[in-house]
Amino acid sequence: MDEYLAGLTTEEINEQTLMIDECTTEEMLRLMNEQDARVPAAVAAEIPQIAKAVDVLHQVLKNGGTMFYIGAGTSGRLGVLDASECPPTFGTDPSLVQGHIAGGDGALRLAVEGFEDSAEEGVALIERCGVTDKDAVIGITASGSAAFVIAGLERAREIGAATIGVVNNKPSKLEKVCDICIAPVVGPEVIMGSTRLKAGSAQKLVLNMLSTCTMVKLGKTYNNLMVDLKASNIKLKDRSVRIIKSATGVDDATAAAYLESASMNCKLAIMMIKTGLDAGSAEAELNKAEGSLKKAIRNFNHVV
């Protein structure tokens, strides 16, 4: 028996759910809900570490670097999910935030056995991605023992990249190989060892915080409006019109017309309405403000 694995909190038997197989459906659901309610507090306890990570990620992306998530199984899928949601939500290039899972994209649908335990594959991934000292690599592993993740972080650190770990046990093997370790400990799972449950929920909340707060600091929102979204379908076009109306106070028809004039760029349309500039001049002002709509409007109003 592996002493490290046997000692993990996430491998313990949950005394509160011992008789779950004898519960009614509603009793089962209430048990799970009671256990899930413990997750936000575990994440809250890690906010000081999460804040450090967000500040590092902001500097990395601001200076032209890339943000990589690496993980295996549920952890890997959550990294890929968070990365894949950045382009439509914040208008980022798909290469800016990347998610990689042990075993490749095929492992998103079907478990690929063996890769989680392969240090060689972790190192090969970092080298294949071309990670540099300008980048940040976030390794996600509930147990903190996945060789794929640990070796990947070690290689990234050797290269000079910033390294961040997300794990659900303390202490862990992961904390020794990363600059910042985020460890929301959620206790034994409802079903022993099933870390897709509370551990996975905690990881998702942490990744939400990392990507969202980093993008806010990069000026991807105006107040709490997602002005950098890509109006690539009917739902997002409708949302863009509502955002433009909320930010500027114009009516539906005016918001839609400016959105068309701005080539479906919500942020540019708001800049045009707020300043009276044409699309080209408004875009130039946004570029001078490094993409921050609030800063661009303030700069323009200060000059005028």
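Trainee: Which residue stands opposite Gly165 in β4?

Mentor: The residue opposite Gly165 of β4 is Gly139. Please bear in mind throughout that this is a predicted model. The pairing behind that answer joins strand β3, residues 136-140, to strand β4, residues 162-166. These two strands run in the parallel sense and are linked over 5 bridges. In general, the strands of a sheet pair through backbone hydrogen bonds, in either a parallel or an antiparallel manner.

The pair belongs to an open sheet of 5 strands, in which the order is β2-β1-β3-β4-β5 and the pairing is parallel. β2, residues 97-101, and β5 stand at the edges; each has a single partner strand, so one side of each lacks a neighbour in the sheet. From one strand to the next, the twist averages 20°.

Two helices lie across this sheet. Helix α6, formed by residues 119-129, lies across β1 (67-71), β2 and β3, and runs at about 160° to β1. Helix α7, formed by residues 147-159, lies across β1, β2, β3 and β4, and its angle to β1 is about 150°.

Pro171 is found in the loop between β4 and β5. A cis peptide bond connects Lys170 to Pro171, with omega about -10°. Together with Ile13, Leu18 and Met19, Met192 makes a nonpolar surface patch of about 410 Å².

Met264, in the loop between α10 (252-261) and α11 (266-275), has a phi near 65°, which is a positive value in a residue other than glycine. Its relative accessible area is 23%, so Met264 counts as partly exposed. Glu290, in the loop between α12 (279-288) and α13 (293-303), likewise has a positive phi, near 55°, and is a residue other than glycine. With a relative accessible area of 57%, Glu290 is exposed, the cut-off for that term being over 50%.

To return to your question, Gly139 and Gly165 face each other within the parallel pairing of β3 and β4.

Notes
Residues numbered from 1 in each chain as written. Predicted model: local features only at pLDDT ≥ 70, side-chain atom pairs only at ≥ 80, totals over all residues. Heavy atoms only, no water. Patch = residues over 30% accessible without salt bridge, like charges linked within 9 Å, V, L, I, M, F, W, Y side chains within 5 Å. Areas by Shrake-Rupley, 256 points an atom, 1.4 Å probe, with all protein chains shown as cover. Salt bridge = Lys/Arg side-chain N within 4 Å of Asp/Glu carboxyl O. Pairing = 2+ DSSP bridges. Helix = DSSP H or I, 4+ residues; strand = E, 2+ residues; numbered from the N terminus. Axes fitted to C-alpha atoms, helices over the stretch in contact; angles between N-to-C directions. Contact = heavy atoms within 4.5 Å. Buried < 20%, exposed > 50% of the residue type's maximum accessible area, 1.4 Å probe, protein only.
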